[in-house]
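Please look through the sequence and the model before reading on.

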Amino acid sequence: MSLSRRVQRAAPSATLATKAEADRLRAAGADLVDLGLGEPDFDTPEHVKEAAADAMRRNQTHYTSVEGMPVLREAIADRYRVRDGATFGADQVLVASGAKGALYAIIQALIDDGDEVAIFAPYWSSYPEQVKLAGGNPVVIPTREDDGFLPSAGALESRLTPRLRAVIVNSPCNPTGSVLGRDGWSALAALAAARGLTVICDEVYEAFVYDGLPFVSGAVLQPVLGDRLVIVSSLSKSYAMTGWRLGYALGPRDLIRAAATVQAHDASQAPTLSQCAGLAALTGTQEPLRLMLDEYARRRAFLVPALQRIEGIACVEPRGAFYAFPRVSGLYAPLGVRSSAEAAALLVREAGVVTVAGEGFGAPGYLRISYAASLPVIEQGVARIEALVARRR
Ligand code: PLP
């Protein structure tokens with residue numbers, strides 16, 4: 001079968017491949033400690049599940065409008081009005097099947113063949129592939145470990161090209177945990193405004209910022225960027241709702257309308273029951289988020305120093321999300337491997353520990369280690385890694 005050139009340019013998802021491989025090994029009886037997880041290990045809050053069950057009993061099981069239920073679009077717009085002083089109207093919101101669905105529709109609506117999109121590396125693995133699926137070309141901009149992997153205006157400026165249309169900024173970042181502050185945002189916005197770039201902010205980890213640091217949404221850039229600002233987020237991580245497939249984009253009316261046209265011919269809409277649940281999540285108690293944040297903070301306080309203590313590993317302190325992103329190239333010699341992909345494979349094979357290799361995030365030499373697993377599981381994973389390294393030295 002000859003496949004389209006477009007799809008042949010796109011690579012499969014590295015993180016989903018890791019999950020599929022772990023599931024396969026587990027089904028075959030392997031004793032695995034899974035630190036490859038890209039989703040919360042918490043349950044969806046009860047009142048959110050109840051709202052969906054209620055909606056089902058009321059037979060709210062039909063199509064909604066493509067853009068989403070008006071009351072939900074209003075609640076989403078409100079959140080950015082109240083928290084960030086942004087002026088998005090409900091008609092500037094597209095509810096979608098996860099942040100992934102929202103990003104896909106936005107990129108399809110914005111990017112033409114040959115257009116370029118700047119992506120800071122290490123990056124979430126779907127960005128370059130979504131750009132390629134739209135016929136565009138990703139321009140990968142490295143960030144620096146000694147700057148805490150922060151995206152910077154300086155790095156972006158050094159890679160500007162005439163065909164660059166947009167830049168994707170992910171804060172808090174998967175996989176590095178870097179979190180942009182107001183100054184970093186302002187510098188990026190000033191450059192983007194001067195160069196006519198659209199800034200697409202992916203904020204799916206917005207609920208998880210540590211050390212009392214504030215989360216600064218890209219929405220605060222609206223006065224500078226105006227119609228060149230797109231915010232994408234979802235309920236997947238914040239409310240432990242990955243399987244509900246509920247996310248959204250906010251942006252200029254014409255782009256949101258165009259993205260809705262893409263969605264109309266694709267998923268049609270986000271699932272109706274999930275929209276009802278999402279409304280309850282956004283408008284109900286936010287206490288579950290605080291409890292999850294506290295628990296992630298406890299795990300991070302164990303994991304990061306424990307990794308830093310292993311000779312051959314260097315680990316920047318992640319400021320947000322729920323991943324550590326240690327550099328493991330110092331382990332290649334003792335482990336007898338030549339890449340982080342080989343290191344990750346060896347860890348699964350010899351220690352039964354699942355991680356995700358940096359190659360999938362445009363960052364060879366690193367591993368992504370998730371702390372969306374219970375503290376005893378994380379402790380066991382670290383102990384197994386330590387034992388393997390000690391055995392091999
Ligand atoms: N953006 C980032 C940075 C992510 O890590 C993920 C999921 O792993 C997504 C977007 C997609 O999330 P959703 O479940 O809302 O589609």
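**Spaces, ligand and backbone**

About 50 Å³ of space lies in the second largest cavity. A cavity here is, on a 1 Å grid over the protein atoms alone, a set of points where a 1.4 Å probe fits but cannot get out, and its lining residues have an atom within 4 Å of a point; grid points are joined across faces, edges and corners, and a volume is the space filled by probe spheres set on the points. This is a predicted model, in which local features need pLDDT of at least 70 and side-chain atom pairs count only at pLDDT 80 or more, whereas totals for chains, interfaces and linings use all residues. Residues are numbered from 1 along each chain as its sequence is written, and side-chain values use heavy atoms, with hydrogens and water left out.

The second largest cavity is lined by Val328, Leu331, Leu335, Ala343, Leu347, Leu367, Ile385, Leu388 and Val389. By class this lining consists of nine nonpolar, no polar and no charged residues, where Ala, Val, Leu, Ile, Met, Phe, Trp, Tyr, Cys and Pro count as nonpolar, Asp, Glu, Lys and Arg as charged, and the others, Gly among them, as polar. Helix H14 (340-351) and helix H15 (375-392) each supply at least two residues of this lining, and H15 gives the most, with three residues. Helices (H or I, at least four residues) and strands (E, at least two) are DSSP runs, numbered from the N terminus.

A search of the whole structure finds four cavities of 30 Å³ or more, and the largest cavity has a volume of about 90 Å³. Of the 15 residues that line the largest cavity, Phe120, Pro122, Pro151, Asn170 and Cys173 are the closest to its centre. Strand E3 (116-121) and strand E5 (164-170) are the elements that give two or more residues to this lining, with E5 giving the most, three residues. The lining of the largest cavity divides into eleven nonpolar, four polar and no charged residues.

The next space to examine is an open one. A pocket is an open set of grid points with protein on both sides within 12 Å along at least five of seven lines, and about 650 Å³ of space lies in the largest pocket. Among the 33 residues that line this pocket, Leu16, Gly38, Glu39, Lys237 and Thr242 are the closest to its centre. Helix H2 (14-27), H5 and helix H6 (126-133) each supply at least two residues of the lining, and the largest share, seven residues, comes from H2. By class, the lining of the largest pocket has eleven nonpolar, twelve polar and ten charged residues.

What sits in the largest pocket? The ligand does, in the sense that more than half of its atoms lie within 2 Å of the grid points of the pocket. The ligand is surrounded by 14 residues, of which the closest are Ala99, Asn174, Asp202, Ser236 and Lys237; a residue counts as near if one of its heavy atoms lies within 4 Å of the ligand. Helix H5 (residues 98-110) contributes the largest share of this shell, three residues, and by class the shell has five nonpolar, five polar and four charged residues.

Polar contacts are pairs of N or O atoms within 3.5 Å; within protein, one must be able to donate a hydrogen and the other to accept it, and residues adjacent in sequence count only if both atoms are side-chain atoms. A polar side-chain atom of Tyr205 lies 2.8 Å from an oxygen atom of the ligand, while for Ser234 the distance from a polar side-chain atom to a ligand oxygen is 2.7 Å, and for Lys237 a polar side-chain atom lies 2.7 Å from an oxygen atom of the ligand. Taken alone the ligand exposes 400 Å², and the protein buries 92% of that; these accessible areas come from the Shrake-Rupley method with a 1.4 Å probe, and for residues only the protein chains shown count as cover.

A cis peptide bond, with omega about 0°, joins Ala121 and Pro122, and Pro122 is found in the loop between E3 and H6. A cis peptide bond also joins Asn174 and Pro175, where omega is about 20°, and Pro175 lies in the loop between E5 and helix H8 (182-195). In the loop between helix H3 (46-57) and helix H4 (70-84) is Asn59, whose phi is near 60°, a positive value in a residue other than glycine.
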